[in-house]
Amino acid sequence: MDKPDREERHRTRMKRKKEVVDKAIASAGIERGLLLVLTGNGKGKSSSAFGMIARALGHGMSVSVAQFIKGRSDTGEEAFFSQQNNVTWHVLGEGFTWETQNLVRDTETAQRGWAVVKKMLQDPSQQLVVLDEFTYPLKFGWLDITTVLNDINNRPPMQHVIITGRGAPELLCEAADTVTVMNDNKHAFQAGITAQKGIDL
Ligand code: ATP
Ligand code: MG
């Protein structure tokens, strides 16, 4: 094939593509707080949220985090982010796991947790609110989804909310602006490798 001809066609194609991309960028000019849901069985939900926290802090934004299932208290993310000036870090899930097998207690803990989150959702100084592993209180019926969505919808207009956890309810995904489902194609744990510092905790 003649080389100059190929280059010319590539240039024309790229020029056309640039026009399409520029037009899409120009029409996507809306600025508002987003609701993001990171769900699915694959690894990467919480760590994606922590990545966005780092981005937000890099812009000098204030971030509130609520973790709803306390698996362990020695995670790298808590050690690092709770030391940062603009971060408020709450562990609200303490005491409820499948091990408690106590619906009344789990429900009460979740409701107390939601009261804390509700304050975050009423505070315009908090520009990013992260609800880590929050799909579980919804999935297990410890919290009423309509109440939760109502409080989220009434948050300050520029505040972003990120929710992580497996099995996000349909209604939550419908309400979200961005929904990402992580696929579990392969995970080291299945090969008998235990959680590794810096990767899993
Ligand atoms: P991460 O915090 O690594 O982003 P995650 O939030 O997507 O993971 P969770 O369901 O919250 O996943 O599980 C947290 C822990 O379980 C992490 O240690 C993670 O590496 C591990 N994990 C996540 N997905 C899987 C999987 N498919 N199989 C085994 N372990 C997993
Ligand atoms: Mg997680």
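Is glutamate 133 buried or exposed? Glutamate 133 is buried, at 19% relative accessibility, where buried denotes under 20% relative accessible area, exposed over 50% and partly exposed the range in between, with a 1.4 Å probe and protein chains only.

The model is predicted: local features need pLDDT of at least 70, side-chain atom pairs count only at pLDDT 80 or more, and totals for chains, interfaces and linings use all residues. Residues are numbered from 1 along each chain as its sequence is written, chains are lettered from A and ligands numbered from 1 in the order in which they are written, and side-chain values use heavy atoms, with hydrogens and water left out.

**The magnesium ion**

Select ligand 2, the magnesium ion, together with Ser46 and Glu133. Its protein donors are Ser46 (OG) and Glu133 (OE), which lie 2.0 Å from the ion. Donors are N, O and S atoms within 2.8 Å of the metal (3.2 Å for Na, K and Ca); water is not among the atoms, so sites may look incomplete. The two residues are 87 residues apart: serine 46 belongs to helix α2 (residues 45-58), and glutamate 133 to the loop between β4 (128-132) and α5 (135-139). Helices (H or I, at least four residues) and strands (E, at least two) are DSSP runs, numbered from the N terminus. Serine 46 is also buried, with a relative accessible area of 16%.

**Ligand 1**

Next, display the residues around ligand 1. There are 13, of which Lys43, Lys45, Ser47, Glu133 and Asp200 come nearest; a residue is near a molecule or strand if one of its heavy atoms lies within 4 Å of it. The shell comprises one nonpolar, six polar and six charged residues.

Now inspect the side chains. An N or O atom of the lysine 43 side chain is 2.5 Å from an oxygen atom of ligand 1, and for glutamate 133 the corresponding distance is 2.8 Å. A polar side-chain atom of histidine 187 lies 3.4 Å from an oxygen atom of the ligand. Of the 570 Å² of accessible area that ligand 1 has on its own, the protein covers 80%.

Move to threonine 75, in the loop between β2 (63-67) and α3 (76-81). This residue is buried at 9% relative accessibility, and a polar atom of its side chain lies 3.3 Å from the backbone nitrogen of glutamate 78.

Finally, select glycine 40 in strand β1 (residues 35-40). Glycine 40 is buried, at 10% relative accessibility. Its C-alpha atom is separated by 7.7 Å from that of aspartate 184, 144 residues apart along the chain.

Conventions
A polar contact is a pair of N or O atoms within 3.5 Å; within protein, one must be able to donate a hydrogen and the other to accept it, and residues adjacent in sequence count only if both atoms are side-chain atoms. Accessible areas come from the Shrake-Rupley method with a 1.4 Å probe; for residues, only the protein chains shown count as cover. Ala, Val, Leu, Ile, Met, Phe, Trp, Tyr, Cys and Pro count as nonpolar, Asp, Glu, Lys and Arg as charged, and the others, Gly among them, as polar.
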